[in-house]
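Visitor: I have a structure open and would like to go through it with you. Could we begin with the strands?

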Amino acid sequence: MRIKSIVSESKQIQRAIALIKLGARLQVLESETDLSYERLLRLYKEVQGESPARGMLPFSTDWFMTWQPNIHSSLFLNMYEYLDKTSELEEIDGIIKAYELYLEQIRAQGLEPLLSVTRAWRLVKFVDAGMVTLTSCSKCNGKFVTHTYELTKNYVCGLCEPPARAGKGKAQVQTSVSAVVH
Amino acid sequence: MSTIAASNEQLLQEIREANLAYLVLAQHMIRADKAQALYRLGVSEEVATIIDQLSPAQLMKIAGSNQLILRFRFDDDMVWSLLTSHSKPKSSATGAAVAGLHANIVMAGQLASLAA
């Protein structure tokens, strides 16, 4: 696609750099900027010093519903919705800013981020598509990521009532974080 | 009498300092990244714009009060108990961290519904 304005091109490059630094996959960049594949590839190598990961993006909504990922996803999505409501941002800028806030918060708690920026982006797209939504927990009133058409009348979140095996696989989860972030 | 006045004077001094530190920090955050500052501060965009435009003299004037200009952004037991992890003594340190995230989620949700 041809880009007419140099100003807009420079803005797009800045955006792409921010996303690459946060660890976004190339597909995210292709979808969110008008820059050509070749330029994005060069930019990626320049910023990260290595070629981007290959392969398809994770496409299932189920990952967001499992216990720990659901907590992380809910935190991110709450932040994103807040930014989206209070500021007039383009969607991708909102995702970048909310993701930065998410990383800060997770690190402040001494945890490893389970949600990659690619997954965060995916999550917002799932919300746009009406496949997932935020539902209020009937106990704590916090809002959590759920499937859109789930029965939500007496929904109780995974933090008020953790599943029996919650946190048991923690050691495994924590060490496989690098595998999750892609 | 004089000792009461002196301790009061010190209290007022500390309130002024807290107010000023808060306003300067808020202004700094708003200028660095307004959208993120709205989340961190929990204020509306209108208020953020006003704080952004305050001159140093105005900051001093607003700070010099006998009231704190900031207050708690949550006032329900739920958030408090999550923050202090009084609810359930969880087995591990991860339990405490998860309770922290729980508080974050509840607070962020409350913020968003206030902004709506």
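Guide: A definition is needed at the outset: two strands are said to pair if DSSP finds at least two bridges between them. Please note also that this is a predicted model.

Visitor: Understood. In which sense do E1(A) and E2(A) pair, and over how many bridges?

Guide: Strand E1 of chain A, residues 132–136, pairs with E2(A) in the antiparallel sense, and the pairing runs over 5 bridges. Within it, Ser136(A) stands opposite Lys143(A) of E2(A).

Visitor: And what lies between the strands of that hairpin?

Guide: There are 6 residues between E1(A) and E2(A), and Asn141(A) in this hairpin has a positive phi near 70 degrees.

Visitor: Why is E2(A) described as largely enclosed?

Guide: Of the 5 residues in strand E2 of chain A (143–147), 4 are buried, so the rest of the structure largely encloses the strand.

Visitor: Changing topic: how many residues of chain A are in contact with chain B?

Guide: The contact involves 25 residues of chain A and 23 residues of chain B. On the chain A side, helices H4 (67–86) and H5 (91–108) each supply at least two residues. H4(A) gives the most, with 10 residues.

Visitor: Now chain B. Which residues of helix H2 are buried?

Guide: In H2(B), residues 34–41, the buried residues are Ala35(B), Ala37(B), Leu38(B) and Tyr39(B). After H2(B) comes Gly42(B), with a positive phi near 70 degrees.

Key
Residues are numbered from 1 along each chain as its sequence is written. Chains are lettered from A and ligands numbered from 1 in the order in which they are written. This is a predicted model: local features need pLDDT of at least 70, side-chain atom pairs count only at pLDDT 80 or more; totals for chains, interfaces and linings use all residues. Two residues are in contact if their C-beta atoms, placed from the backbone, lie within 7 Å. A residue is buried if 20 or more other C-beta atoms lie within 10 Å of its own, exposed if 12 or fewer, and partly exposed in between; C-beta atoms are placed from the backbone.
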